[in-house]
Amino acid sequence: MNLMTERLILRPWEDKDRIPMAGIYGDAHVRRFHPKVLTVEEANVKIDLAIERALTNGFDFQAAELKGSGEFIGMIGLAVLAEAVQAGLPSHRSVEIGWFLAKEHWGQGLAPEGARAWLDYAWSIGMPEVVAFTARENAPSQRVMEKIGMIYDPGSDYENPELGESHWLRPQVVYRKQNPNFFERRPIIGAR
Ligand SMILES: CC(C)(COP(=O)(O)OP(=O)(O)OC[C@H]1O[C@@H](n2cnc3c(N)ncnc32)[C@H](O)[C@@H]1OP(=O)(O)O)[C@@H](O)C(=O)NCCC(=O)NCCS
């Protein structure tokens, strides 16, 4: 899937993305709200999985690059939640939106810009809802969710079962956004 925004090209993975993406997943500051940094091998497994799932679903977490320079900045995309559900997380609706950018590119609204394009794509193919989840402590990611109009769903709060009882990253929050095209437009009866 190729998507374009004012400043970004969102496109399928290419081999040249592997080293910079492994750098992002291996950066302790970028992953300060995650239990650990990823090794190069683990980063490659994530990319391989995203490529495989895109073949099945037509979309997944994909590469993001700057339109002008072609510089790779990280990943933004949608993914079917099957593995999360299998891992014991609650079965919220089936598609999640996510982002992971190199820290040099933070603070310019690039994640929300790319995410909005992915939401438009989701609605265009008739997805009823997109969810996002993250550690309660991950305020920047929740800001992105808010900026793209997602709503916090306190009833879906859960604990990451992979982390110990008292781990500070164990509490997770869920945000949702429903397909705006699914709201029926009714004529206002009696309107003049
Ligand atoms: C979350 C993330 C994608 C935000 O992307 P972005 O393009 O910087 O988004 P924005 O520019 O809209 O900034 C969103 C929030 O990030 C925070 N932020 C922005 N620049 C920052 C910086 N340089 N350092 C720390 N936080 C920063 C702010 O809280 C900001 O909210 P504000 O605009 O109300 O001040 C980015 O911080 C990131 O890649 N984080 C690590 C990966 C991650 O946690 N992904 C989510 C996995 S669940």
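A backbone N or O atom of alanine 111 lies 3.0 Å from an oxygen atom of the ligand, a polar contact in the sense of a pair of N or O atoms within 3.5 Å. The protein covers 74% of the 920 Å² of accessible area that the ligand has on its own, as computed by the Shrake-Rupley method with a 1.4 Å probe.

Please note that this is a predicted model, in which local features need pLDDT of at least 70 and side-chain atom pairs count only at pLDDT 80 or more, while totals for chains, interfaces and linings use all residues. Residues are numbered from 1 along each chain as its sequence is written, and side-chain values use heavy atoms, with hydrogens and water left out.

Two further contacts deserve mention. Leucine 110 places a backbone N or O atom 3.4 Å from a ligand oxygen, and in tryptophan 106 a side-chain N or O atom is 3.2 Å from an oxygen of the ligand.

I turn now to helix α4, residues 110–124; helices here are DSSP runs of H or I, at least four residues long. Twelve of its 15 residues are buried, that is, under 20% relative accessible area with a 1.4 Å probe, protein chains only. Among them are Leu110, Ala111 and Pro112.

Finally, arginine 143 belongs to helix α5, residues 139–147.

Technical notes:
Helix = DSSP H or I, 4+ residues; strand = E, 2+ residues; numbered from the N terminus. Expected span 1.5 Å × (residues − 1). Buried < 20%, exposed > 50% of the residue type's maximum accessible area, 1.4 Å probe, protein only. Polar contact = N/O pair within 3.5 Å; in protein donor to acceptor, adjacent residues only side chain to side chain.
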